[in-house]
Amino acid sequence: MRWLKGLGAGAALLLALVGAPLALLAWGRLPSGWADLIRPDDGTLLLGVLTVAGWIAWAAFAASTLVEAVRLGDREHRPLRLPLLGGLQGVSAGLLLAVLALAPSGTPSQTAGDALVVAAPREPVAPPPEGAVEAPTEQVEQDADHYTVEPGDDLWSISVRLLGDGARWRELAAANPAHLHDPTTRLAPGTWLTLPASVARAATHVRVERGDTLSGLALEYLGDAGRWPRIAEANAHLVEDPDHIEVGWRLTVPGAAATDRATPERQDDHDERSSASRDGEGGAREPSSPDGEAGHGRTSRDDETEVGRASRDDETEVGRASRDDETEVGRSSPAPSPDVPPERVDAPTASTGAADDAQAPAPALPLLGTLGTLAAAAILGVVETRRTLRLRERPVGRRLIPPDEEATRLRAGLGARQRPRPLTVLDAALRAVGRHCHVRRIPLPDLARAVVGPTSVVLEWASPTVLPPAGFTGTRDRWEAALAEPPDVGDHPCPFPALVSLGSTADGDRLVLVDAERSRVLAVASDDPELRRSALAAMAVELACAPWSAEARLVVVGADARLVALAGGDRVHTAQPDEALGDLRTLVARRRAALGDEPLAALRVDPDRADAVAPVVVCLLDDVPPDVAEELDEVLAGPATGTAVLLGTRSEAAAQWQVGGGADAPTGRLAGVGEQLVAHAIPEATRAGVVRLLAAADDPSTTPAPWWGGEDDGAGNVRTLPPRAQRGGDVDIVRLVASAENPQVLLLGPAELTGAPGPEPTRSRQQLVELCAWLLEHPASTATAMAAGLAVAESTRRSNLSRLRAWLGDAPDGKPYLPDAYSGRVVLHPGVGSDWHRLQLLLAPGVDRVGDSTLVAALELVRGAPLADAAPSQWHWAEELRTDASSALRDVGVVLAERALARGDIDLARWAAARALAAAPDDELLLCARIRTEHRAGNAAEVERLVRQVTGSARTLGVDLLPETVELCQQVIEGRLRARA
């Protein structure tokens, strides 16, 4: 019977989709003009009406069939319902299911990939079968052995969701004999189906810990942060808002092996966490900051481009414990039995050494000292912005001079230390406060301090004020803004632009900031002169770089003035002590006369008057005599004028911030607060490194690019391959270029590892991709260099290396793609390559020397911006790789577009520029190539849009257009160059 239904359905589909339009073309007739409509009807008009109706009906049925075909292939997303076509969609779905039921039933073994698509059962909406216990309404877990039928479900669609393939419906039917007859039969909602043994209990239960997010859990257990809706759906009785989950909740994670992280129980006064994964691993988990990874296929919840969350598995210098303690010599911990519920799995009792590894701290980064995470993010933001501006001005065929090795290490350390998400959220929260006070005409509250935690920013007021506005929670004494949902605010002036961080709690979870304007004279006291200078330098550099202090002006005096000037650019003025103090007295007197009785806060929140009272912070970075400090107290006493002073002193009695301890581990106390903090400080050696890093980022000097033709080297104008492409000189070039059967790391777009024959990892996939790319770029490196280069703990390095070895598997010649490092040097199999290496090989003779077909092949490698899905806290070591790849592809696009335009090939020119823009978005030269192309094609509307884009991009960056760009825009818009004297 099933065969008859399937064949009949196939014939009906073929007749409706193919036969109907052929019949309409053969026998239908449409009116040929107005004359057919006004002359007496001889049957032609009726035939025309029927023809039009037939085409409309066919189009509706074809659309319904297409939508249902897509739905059957992807049941993870909400099905699309076409307006007024619900009935047709139902007919189409029935016909398609009947046809698909004829497909042979595959019974592949359950793999990790199968487990990833298992949907969690919902709470039952009807009583379970006899003998089953009805789940309570407030249950936290559900029975993973059953699935509750939802409206619209049938055996085929459920098989797609649970087994990953609709053709495997017979496995589901075999476990439920009452439903064996037909995969297309709709099931009654609320029916309980028993899941096949291959997928039963393919879910784990996780207790939510501090810093967890749905996207982070999806990344850890399902291998993709974009799969967070599965966890939300499986826990719909708890999760009302996907951006909010509570610490202590027990969540079902469908599609994960039981369990990657056992639900922890507190014992006595300490946390003792144990986990048992399908590999029998023991591990520990400590809180991590919320994720912000922007990237490929992710929602805004995972936007690590600006969200700035340190990855849950990115064990950096803060000493997180590893949860992936896989050693390279095997395990002695037994894997949990599949018959034991996940919540009952006991931690392994045998000693494996994993416990010791789990406590191993991440490699120390002494070069950073105790530089704050916000300051690190601010410094790195300045470096990247200036580097971007220099790249924008880079001529074709030239390359910016890369920073030296020490500066590269420092940049990687800053990348590991930074927390860009709290930086941007704090800035938004402060500006939202100012806008709210301005719009509501209420006084600006007096800010006692700000505290940046792992999930929120808290503003603590010196005295009670109004209740928090939209975007905040809290009371009259403290307003709280969640990092996941910062207040929405434009460019309103920041009312607290002199806010600066002093230190963080011992666990690193909370940062404490104070308003230097409120302190008037913010003095740092310490018996150690170098410690005073280090703490003052940290505060001054943060003020020079932080986004909320963009309106502030800094006057810097002392040996570290150049550091602050490089960080702040035009906002920083260096001066001698007498000059700085004299100008300060004059400014205070002038502002007091101008303000009169009007409070400064009223102007600070007013967009039209805030510039007049922009704060001026005098940073006295060298020691100040006691009499000068007393004089400054007197000058700044009284009504606020928008001025503040940072200085160092030996007297603790006169200082608000008291710093002690050694230079390696400075501590600090805020006057009137008992809590001891880790004081933020930048050691002298680090200050010198930051100076070099900032100077290099602002240096426009260039050298010949390695991807551009140079002088004849005697080898037929084919230059030596770049070191990265040589891979130590042991790689067969032909195999490297044409190695489709071997694993390949894709970097020219979202980072991926393809072609690996081993089992894919179920968690921390991106860490393994990064590790493989690092090994490609650093052939024959040691384990020590690997841990330092990736900024991970030794235990995590061993774990990731072991899992990468399993993923890569063996080559066709029987050799492992990642051999054991008996010599102490880690070397990948020669067959492992990357699209970046392939690009270097294609361009080895020089972009200006290779043919068009080679340039086309180079651009065909582009899948987006290089490392498009890398979070701000990841891939720090690959910044020059990313820059070089983007620069090389930009040059390829410019050269190929120019060649195509020269011979009138508009389509190739348009394609080349557009493809290269995917790798180098908003590049000025590429946009100019697009403008020339569309101008040549006569597409005036597109020319105008592109001109607006290139000029708007320059305004956003705050830079001038290149002279040749200005001339091009004048020619294509106005038809000529404007007259010049």
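A residue is called exposed when its relative accessible area is over 50%. I begin with that cut-off because Glu634, at 63%, is exposed by it. Please bear in mind that this is a predicted model.

Glu634 belongs to helix H19, residues 626-636. Together with Asp627, Glu630 and Asp633, Glu634 forms a negative surface patch.

Let me turn to strand S17, residues 616-623. Of its 8 residues, 6 are buried, so the strand is largely enclosed by the rest of the structure. S17 pairs in the parallel sense with strand S15, residues 553-557, over 5 bridges; here Leu554 stands opposite Val617.

I come now to the salt bridges, of which the structure holds 35. One of them joins Glu924 to Arg392, with the closest N and O atoms 2.3 Å apart. This pair links distant parts of the chain, 532 residues apart: Glu924 is in helix H30 and Arg392 in helix H11. Both residues, Glu924 and Arg392, are buried.

A further salt bridge connects Arg805 and Asp820 at 3.6 Å, N to O. Arg805 lies in helix H25, and Asp820 in the loop between H25 and strand S25. Arg805 is buried at 18% relative accessible area, whereas Asp820 is partly exposed at 40%.

Finally, Arg899 and Asp852 form a salt bridge, their closest N and O atoms being 2.8 Å apart. Arg899 is in helix H28 and Asp852 in helix H27, so this pair ties together parts 47 residues apart in sequence. Salt bridges with shared partners also join Asp907, Arg910, Arg930, Glu934, Glu942 and Arg945 into one network.

Note on methods
Residues are numbered from 1 along each chain as its sequence is written. This is a predicted model: local features need pLDDT of at least 70, side-chain atom pairs count only at pLDDT 80 or more; totals for chains, interfaces and linings use all residues. Side-chain values use heavy atoms; hydrogens and water are left out. Patches are made of residues with over 30% relative accessible area and no salt bridge: like charges are joined within 9 Å, nonpolar side chains (Val, Leu, Ile, Met, Phe, Trp, Tyr) within 5 Å. Accessible areas come from the Shrake-Rupley method with a 1.4 Å probe; for residues, only the protein chains shown count as cover. A salt bridge is a side-chain nitrogen of Lys or Arg within 4 Å of a carboxyl oxygen of Asp or Glu. Lys and Arg count as positive and Asp and Glu as negative; His and the chain ends are not counted. The place of a charge is taken as NZ of Lys, CZ of Arg, CG of Asp or CD of Glu. Helices (H or I, at least four residues) and strands (E, at least two) are DSSP runs, numbered from the N terminus. Buried means under 20% relative accessible area, exposed over 50%, partly exposed in between (1.4 Å probe, protein chains only). Two strands pair if DSSP finds at least two bridges between them.
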